[in-house]
Amino acid sequence: MKQGKDKKDKIGASVYQLKVSLREIKPPIWRRVQVPGDITLAKLHRVLQVVMGWTNSHLHKFSIGGVDYAEPDPDGFLNFQSDRRARLNKVARAMQKFEYEYDFGDSWEHDIVVEKTFQPEPGASYPVCLAGERACPPEDCGGLWGYQDFLEAIMNPAHTEHEAMLTWVGGSFDPETFDLDAVNASLRRLRG
């Protein structure tokens, strides 16, 4: 019996390396993150919010193997499984690709690939972001098409919406910026 428990503990202790890419954005916006294999999808949602740069202001769902997972719907209108009970190592496997959608209005769709699984390194803490490129679009900018319009406006001082968009976004926005150290500092606070 003890041998079976040890095997289960070893599986639960595995680490999943994920590549998260925002769909249909060129050049790509992506992150590479390592998370505990036994993380719930609800907690993975919070990790994705941090690594991508979202503000956790909207609903979300995961679509994995034909099943949708999200926060429980108190009204019962949405037919989603609870993301609070589903653990990554129970619903996804190495080299599997699945979807994470954030903000059902703007519909930010992310492709997530389980690049590999491995045993945790001694002394390492997870989650951790390894790499990424480009800034996350601002919240509520109107999805893919709104983001493209937003970028056109802020990059062209002669654009009729240039000043309004810069004011709306807080004064400046650099779509090429990704601050790995800041992301990992936020993940450390999330772990604590």
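Contact here means heavy atoms within 4.5 Å.

**Entry 1: ground rules.** I am reading a predicted model, where local features need pLDDT of at least 70, side-chain atom pairs count only at pLDDT 80 or more, and totals for chains, interfaces and linings use all residues. Residues are numbered from 1 along each chain as its sequence is written, and side-chain values use heavy atoms, with hydrogens and water left out.

**Entry 2: Leu18.** I looked up what Leu18 touches. Leaving out residues up to four places away in sequence, its contacts include Arg31, Val33, Leu44, Leu88 and Ile112.

Entry 3: I checked H2 (residues 41-52) against H6 (residues 180-191). Helices are DSSP runs of H or I, at least four residues, and strands are runs of E, at least two, numbered from the N terminus. The axes, lines fitted to C-alpha atoms over the stretch in contact, have angles from 0 to 180 degrees between N-to-C directions. The axes of H2 and H6 come within 9 Å and cross at roughly 155°. That makes H2 roughly antiparallel to H6 (angles over 145 degrees count so). Val47 and Val50 are among the H2 residues that meet H6, where Leu187 is one of the partners.

Entry 4: Most residues other than glycine have a negative phi, and most peptide bonds are trans. I found a cis bond from Lys26 to Pro27, with omega near -15°. Pro27 lies in the loop between E1 and E2. Another bond, Tyr126 to Pro127, is cis with omega near 10°.

Met95 has a positive phi of about 70°. Arg134 also has a positive phi of about 70°.

Definitions and conventions: Parallel < 35°, antiparallel > 145°, perpendicular 65-115°, else oblique.
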